[in-house]
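Biologist: I have a chain open on my screen and would like to go through it with you. Can we start with the overall layout and then look at a few residues?

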Amino acid sequence: MSDTSPSSQPRVQFWHHLNAPEIRRIAGEVVTILPIGSTEQHGPHLSTGTDTILNDLLQRGLAQTPPPRGRFLILPTLAVGSSEHHVAFGGTLTIPPILYTQVLVALVRTLIAQGHKRIFLLNSHGGNQPSMTTALAELADECTRQEVLVAGASYWSLCTEEWKAEVPDLKLPRVGHACEIETSLFKVARPDIPIGPAPEGVAFLPGQRAGCSYAVSFAGMTAPGHIGYPTEASQAKGEALLNTAVRVLGEFFAEFSELPLTRDLR
């Protein structure tokens, strides 16, 4: 007779691989990860599925090298995000930011209604960040009342400092768009998908700092549709970036799995 106790189960499992009773049994015990990606233009050289493909790469890495503590359930990646600012380049599917916020809120509420207590939105597309942040603000009061821990972050926001220290030959140690980092990771994620000739580098606009938002479409930032230096990309860099990201995310998720549930402290 097979051992079906919790300790015998993989610590990282995928929602699509389980049946409904299996998910119900573990809902309150796991960190439920909702990956959010996109389908959009990625410069003249990378596939339109890049953000989703890279999110899936990180998930595979976490499954192969699980966080040191905790149990995790990964939902299927949302392959369409909020990409209004890329439409002019073609190859883009998008959900308007306000509607995408509602989509994220609805999905989290569905998970809470089914007993999931720790939920994390793992983002891989910059255009999703405003909707994700707004969704978390919308959910804050009810999460406190229901004692549910819900949070989210873009993977690069968790990894950038370690990348700077551990992958020192990066020309731009910050994610742009179809840049050195994304192109390097893509070479590792899907070596079977051809990559076009890497275009010359495009710098961020003057004054365009991380953490500062502008009301500008992507066509107002770059003519060829990318930002960064894809000519500097390599598979070796991709492997180094991935190894660091999996370790950093694993440590982060291990800590997240042990955080107390949100509650009213009054």
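Biologist: In what order do the elements of the protein chain run from the N terminus on?

Modeller: This is a predicted model. Starting at the N terminus, the order in the protein chain is β-α-β-α-β-α-β-α-β-α-α-α. That comes to 7 helices and 5 strands.

Biologist: What radius of gyration does the protein chain have, and what would a compact globule have?

Modeller: The protein chain has 19 Å. A compact globule with 266 residues would have a radius of gyration near 18 Å, so the value agrees. The C-alpha trace spans about 55 × 40 × 30 Å along its principal axes.

Biologist: How much of the chain is buried?

Modeller: Of the 266 residues, 47% are buried. The accessible surface is about 12,600 Å², and 56% of that surface belongs to carbon and sulfur atoms.

Biologist: What share of the contacts with a separation of 6 or more comes from residues 24 or more positions apart?

Modeller: Such residues account for 80% of those contacts in the protein chain.

Biologist: Now charges. How many positive and negative side chains are there?

Modeller: There are 20 positive and 25 negative side chains. The centres of the two sets lie 4 Å apart.

Biologist: Let's move to Lys237. Is it buried or exposed?

Modeller: Lys237 counts as buried because its relative accessibility is 9%, and the cut-off for buried is under 20%. Lys237 lies in helix H7, which covers residues 235-258.

Biologist: Which residues is Lys237 in contact with, leaving aside neighbours within four places in sequence?

Modeller: Those contacts are Asp169, Leu170, Glu180, Ser184 and Glu232. With Glu232, a polar atom of the Lys237 side chain lies 2.7 Å from the backbone oxygen.

Biologist: Glu180 and Ser184 are on that list. Which of the buried residues belong to H6?

Modeller: Glu180 and Ser184 are both among them, and the others are Ile181, Glu182, Thr183, Leu185, Phe186 and Ala189.

Biologist: Why is helix H6 described as largely enclosed by the rest of the structure?

Modeller: Because 8 of the 10 residues of H6, residues 180-189, are buried. The cover over those buried residues includes helix H2 (50-64), helix H5 (155-166) and H7.

Biologist: Where are Ala178 and Glu147 found?

Modeller: Ala178 sits in the loop between H5 and H6. Glu147 is in the loop between helix H4 (129-146) and strand S5 (149-154).

Biologist: And how accessible are Ala178 and Glu147?

Modeller: Ala178 has a relative accessible area of 0%, so Ala178 is buried. Glu147 is partly exposed, at 41%.

Biologist: One more residue, Gln102. Where is its place?

Modeller: Gln102 belongs to helix H3, residues 97-113. With a relative accessible area of 48%, Gln102 is partly exposed.

Biologist: How far is Gln102 from Lys117, in sequence and in space?

Modeller: They are 15 residues apart in sequence. From C-alpha to C-alpha, Gln102 and Lys117 are 20 Å apart.

Methods. Residues numbered from 1 in each chain as written. Predicted model: local features only at pLDDT ≥ 70, side-chain atom pairs only at ≥ 80, totals over all residues. Heavy atoms only, no water. Helix = DSSP H or I, 4+ residues; strand = E, 2+ residues; numbered from the N terminus. Rg over C-alpha atoms; globule rule 2.2 N^0.38 Å. Buried < 20%, exposed > 50% of the residue type's maximum accessible area, 1.4 Å probe, protein only. Contact = heavy atoms within 4.5 Å. Areas by Shrake-Rupley, 256 points an atom, 1.4 Å probe, with all protein chains shown as cover. Lys, Arg positive; Asp, Glu negative; His and termini not counted. Charge placed at Lys NZ, Arg CZ, Asp CG, Glu CD. Polar contact = N/O pair within 3.5 Å; in protein donor to acceptor, adjacent residues only side chain to side chain.
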